[in-house]
Amino acid sequence: MSQDSTSGPAPTRRLAARRRREIVAVLLFSGGPIFESSIPLSVFGIDRQDAGVPRYRLLVCAGEDGPLRTTGGLELTAPYGLEALNRAGTVVVPAWRSITQPPPPAVLASLRQAHEEGARIIGLCTGAFVLAAAGLLDGRPATTHWMYAPTLAKRYPAVHVDPRELFVDDGDILTSAGTAAGIDLCLHVVHTDHGAEAAGALARRLVVPPRRGSAGDAGHPRHLDRSLPEEISSDPLAEVVAWALEHLHEQFDVETLAARAYMSRRTFDRRFRSLTGSAPLQWLITQRVLQAQRLLETSDYSVDEVAGRCGFRSPVALRGHFRRQLGASPAAYRAAYRARRTDSGDEEGRVPEPRGETRGENLSNGRPALAMATRRGAEPGKPESDAYAPRLPVQRGRGGR
């Protein structure tokens with residue numbers, strides 16, 4: 001059972017003054033899979049300010065005495081211990097070694113304290129079992145790898161487990177399905193913190209789609225971001241696509257694009273779909289909504305002005321498409337975005353020094369990306385542009401490893 005998207009995520013506690021949301025602590029354990037463990041390190045631990053991605057501070061923490069051995073036999077030494085969680089505003093548990101083994105009591109106590117002090121707690125894949133053992137998922141929607149979802153639901157009956165989702169954002173508690181879904185959730189976190197531009201820039205740097213649906217939704221199209229994928233840039237239609245992106249503030253339709261390509265509407269539709277996997281009308285509407293999203297995040301234009309600057313014929317049209325794709329009205333989206341930015345503006349705390357002789361400077365930077373990534377199948381009687389529906393308050397998606 002998943003929380004209904006109309007009810008929104010659970011209310012969050014105010015972040016303690018000594019914690020900073022951009023300080024991300026990643027908990028590692030012996031016996032953990034290296035791929036899942038590396039996901040938050042790659043997203044939050046590399047300085048990509050040159051690409052326009054804001055900086056995070058990454059604290060790699062050992063959840064137990066080391067050395068930590070991965071599933072492949074590699075030995076890791078984490079520069080921090082559990083004490084570093086006292087400064088983190090975001091705590092990530094990327095994996096747990098065994099769904100039948102209880103996590104260390106000290107780890108569970110640290111997670112509960114972090115949550116009580118307003119930290120955002122994230123469990124990737126089997127990391128959800130650690131959150132559940134700490135009691136943080138009781139009464140909440142959550143997901144994990146589909147193969148382990150029945151065990152999670154049976155062992156922790158107070159958790160509303162939905163194995164169909166790519167990830168679930170329940171405000172201050174977030175969980176993801178298997179492996180690649182962890183990337184989707186981390187990109188979603190970046191989008192939540194820094195907006196669509198930062199998330200999109202990170203997604204391009206990681207060479208992953210900023211939005212992703214499930215394998216079961218493979219028949220539905222993928223959307224393009226502002227940049228042109230390499231396979232499109234060498235095609236003659238690339239010029240038309242680039243022109244459309246530069247003129248989203250103007251009112252034009254697919255017939256206009258077909259004319260610029262010197263094609264009939266039918267031929268243009270066929271060529272565009274074969275090249276991008278998306279119907280041109282659906283793609284155009286999505287690009288206008290993305291542009292509106294950026295303006296709502298970065299400007300003080302009224303909703304009516306945003307509609308005009310994104311090529312919508314009326315504010316009513318903007319509101320309808322915006323709500324269908326993002327699950328909220330433009331005004332509500334702007335208010336929620338600004339509230340998040342305000343809440344994360346606490347005075348910066350000092351990051352603890354790494355324990356022992358090892359310094360963590362090489363792991364203390366990071367940035368992020370675009371995220372919300374779920375799509376619904378188009379419903380009978382609704383236009384094709386409804387097929388994508390990334391929902392802001394509660395992010396959901398289907399799939400697994």
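## A walk through the predicted model

With a relative accessibility of 8%, which is under the 20% limit, E165 counts as buried. E165 belongs to the loop between β8 (160-161) and β9 (167-169). Its C-alpha lies 8.3 Å from the C-alpha of T144, although 21 residues separate E165 and T144 in the sequence.

C125 is not a glycine, and yet its phi is positive, at about 50°. The residue is found in the loop between β6 (120-124) and α3, and because its relative accessibility is 2%, C125 counts as buried. T179, likewise not a glycine, has a positive phi of about 40°. Its place is in the loop that runs between β10 (173-176) and α5 (180-206), and with a relative accessibility of 15% T179 counts as buried.

In soluble globular proteins, nonpolar side chains tend to be buried together. In this model the largest nonpolar core holds 36 residues, of which L27, C61, V91, L111, I121 and L137 touch the most other members. At least two residues of this core come from each of β1 (20-28), β2 (57-62), β5 (88-93), α2 (105-116), α3 (127-133) and α4 (149-155). The element that gives the most to this core is α3, with five residues.

What lines the largest cavity? Its lining is made up of L28, F29, S30, G32, P33, I34, S37, L68, R69, T70 and L76. Two or more of the lining residues are given by α1 (34-44) and by β3 (68-69). By residue class, the lining of the largest cavity divides into six nonpolar residues, four polar ones and one charged one.

A pair of aromatic rings is described by the distance of the centres and the angle of the planes. The search of the whole structure finds six aromatic pairs. One of them joins W243 and F252, a tilted pair with 4.9 Å from centre to centre and 55° between the planes. W243 counts as buried because its relative accessibility is 16%, and F252, with a relative accessible area of 8%, is buried as well. In another pair, the ring centres of F322 and Y333 are 5.5 Å apart and the planes stand at 75°, so this pair is edge-to-face. It links distant parts of the chain, since F322 sits in helix α12 (residues 315-326) and Y333 in helix α13 (residues 330-343), 11 residues apart. Both F322 and Y333 are buried.

Two further ring contacts complete the tour. F268, F272 and W283 are linked into a cluster by ring pairs.

Methods: Residues numbered from 1 in each chain as written. Predicted model: local features only at pLDDT ≥ 70, side-chain atom pairs only at ≥ 80, totals over all residues. Heavy atoms only, no water. 1 Å grid on protein atoms, 1.4 Å probe; cavity = no way out; pocket = protein on both sides within 12 Å on 5 of 7 lines; lining within 4 Å. Helix = DSSP H or I, 4+ residues; strand = E, 2+ residues; numbered from the N terminus. Nonpolar A, V, L, I, M, F, W, Y, C, P; charged D, E, K, R; others polar. Phe/Tyr/Trp six-rings, centres within 6.5 Å; stacked < 30°, edge-to-face > 60°. Buried < 20%, exposed > 50% of the residue type's maximum accessible area, 1.4 Å probe, protein only. Core = buried A, V, L, I, M, F, W, Y, C linked by side-chain atoms within 4.5 Å.
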